[in-house]
Amino acid sequence: MLAEPEFYVVSKRKLAILFLATSSLYVLYWYYKNWDRYKSRHPEASQLGSMVSPVPRAVFWMFFTHALFRKVKACGHALPQVAGWRSGWHATILVALMILANVVDVLIGGTAGDLVSIASVFVLLPPFLVAQDKINLSCGDPEGKGNDRLSKANWAWVIAGGVLWLILLAAALQPGAA
């Protein structure tokens with residue numbers, strides 16, 4: 001039996017579909033799966049003093065992005081495409097974009113703030129796709145072919161996400177929205 005990859009391998013196409021369909025909520029699952037895979041491959045990471053708990057690391061992902069990207073880079077250090085990756089800068093940019101999107105949404109408010117929030121989903125996608133590229137390379141599946149097909153559960157999330165998008169757009173475009 002082949003060992004599971006060290007991190008969560010998924011095709012960039014599937015990641016983009018689920019990320020966009022769920023208005024970026026998919027990142028919670030993405031972070032959870034990456035930390036869960038890492039924990040299962042590194043039992044020593046669960047020893048006292050070095051707890052790797054996937055759920056809190058997914059929920060508070062902004063605080064653990066740098067650590068995750070460092071571990072991905074260490075995993076793929078023998079590959080030039082991963083070794084040359086500036087994972088710290090990449091993590092900083094991703095976290096800064098998320099913070100900026102939230103601050104702008106709060107400061108602007110109303111319909112304009114809602115539209116900025118919606119646009120931020122499209123701004124955040126490219127950094128996640130680059131990170132997924134490095135994960136896939138590090139795990140020996142550059143195209144993510146091992147996890148490219150949308151499952152029934154994925155389709156359920158796409159449909160639920162479509163409903164969420166309709167609600168978000170209707171609220172953002174509602175006359176007199178505050």
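Visitor: What makes the stretch that holds Val-59 helix α3?
Guide: Helices are DSSP runs of H or I with at least four residues (strands are runs of E with at least two), numbered from the N terminus. Val-59 is found in residues 54-59, which are helix α3. This is a predicted model, in which local features need pLDDT of at least 70 and side-chain atom pairs count only at pLDDT 80 or more, while totals for chains, interfaces and linings use all residues. Residues are numbered from 1 along each chain as its sequence is written, and side-chain values use heavy atoms, with hydrogens and water left out.

Visitor: Why are Asp-133 and Lys-12 called a salt bridge?
Guide: The term needs a side-chain nitrogen of Lys or Arg within 4 Å of a carboxyl oxygen of Asp or Glu. The closest N and O atoms of Asp-133 and Lys-12 are 3.9 Å apart, so the pair qualifies. Asp-133 is in helix α7 and Lys-12 in helix α1, 121 residues apart. By this rule there are three salt bridges.

Visitor: How many aromatic pairs are there, and what makes the one of Phe-7 and Tyr-38 stacked?
Guide: The structure holds 12 aromatic pairs. Phe-7 and Tyr-38 are 5.8 Å centre to centre, with 20 degrees between the planes. Phe-7 lies in the segment before α1 and Tyr-38 in helix α2, so the pair ties together parts 31 residues apart in sequence.

Visitor: Which residues lie nearest the centre of the largest pocket?
Guide: They are Ser-23, Ser-24, Ser-117, Ser-120 and Val-121, out of 20 lining residues. A pocket is an open set of points on a 1 Å grid where a 1.4 Å probe fits, with protein on both sides within 12 Å along at least five of seven lines; lining residues have an atom within 4 Å of a point. The largest share of this lining, six residues, comes from α7. The volume of the largest pocket is about 410 Å³, counted as the space filled by probe spheres set on the points, which are joined across faces, edges and corners.

Visitor: And which element gives the largest share to the lining of the second largest pocket?
Guide: That is α8, with six residues. The second largest pocket has a volume of about 280 Å³.

Methods
Phe/Tyr/Trp six-rings, centres within 6.5 Å; stacked < 30°, edge-to-face > 60°.
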